[in-house]
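Which charged side chains pair with one another in a folded chain, and which parts of the chain do such pairs join?

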Amino acid sequence: QLVPQFAAQLLADTAEIQLRVMVRPGEELLQALVDDEVELIIFPEHHLPNSEDIEAQLLGTVRPACVVRSGHPLGQREVVTLDELSAFPWASSMEDGLPYPIVSKSRMVCDNYNILRDAVLASDLVTICSHGFIARELAEGILQEIHVSGLSMRATQIYVARLKGRVYSPLVLRALNII
């Protein structure tokens, strides 16, 4: 969600830089940080193992949205129950169980949110993703947010981490300002 607008602004305003974006599991990102392959990592809470080698700082929060394509049968209801939700296939980025009390007979797991969004647009899949990630599709009316009774969806905290004892370069400070 952050990278497209961030990269556009940073690269337009700054000459001769190298921006390396890695989308990987937390353990791999942590290893890249420890190995000095990257200067910082950004991650959602609970997606990075605890490590004495890093210090993390709260960057902000992301608000989740439960969404379906426009015209989806659940989109006609003001409030959806968990039982009604379980009758439809579920799309998730997580392999190891749903973080919500949802039971679904069919499921798609994909760690690429663009693919998940496109699959939801083309089917009866239901997913939870960042409200900001699908803001354009919501505004255009091609995706619709649904409200599910009994489904607690709190905002997710997003952190930035660096190796302990390190200071950010001027370019990283600028990047964090943009973000």
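The paragraphs below follow some of these pairs one at a time.

This is a predicted model, in which local features need pLDDT of at least 70 and side-chain atom pairs count only at pLDDT 80 or more, while totals for chains, interfaces and linings use all residues. Residues are numbered from 1 along each chain as its sequence is written, and side-chain values use heavy atoms, with hydrogens and water left out.

Side chains of opposite charge can pair when their charged atoms come close. With a salt bridge taken as a side-chain nitrogen of Lys or Arg within 4 Å of a carboxyl oxygen of Asp or Glu, the count is nine.

One of them joins Arg166 to Asp36, at 2.7 Å from N to O. Because Arg166 sits in the loop between strand 8 (156–163) and helix 6 (170–178), and Asp36 in the loop between helix 2 (26–34) and strand 1 (41–44), this pair ties together parts that are 130 residues apart in sequence; helices (H or I, at least four residues) and strands (E, at least two) are DSSP runs, numbered from the N terminus. Arg166, at 42% relative accessibility, is partly exposed, and Asp36 is likewise partly exposed at 47% (buried means under 20% relative accessible area, exposed over 50%, partly exposed in between, with a 1.4 Å probe and protein chains only).

Arg154 and Glu45 form another salt bridge, their closest N and O atoms 3.1 Å apart. Arg154 lies in the loop between strand 7 (143–145) and strand 8, and Glu45 in the loop between strand 1 and strand 2 (54–62), so parts 109 residues apart in sequence are tied together. Glu45 is buried, at 11% relative accessibility.
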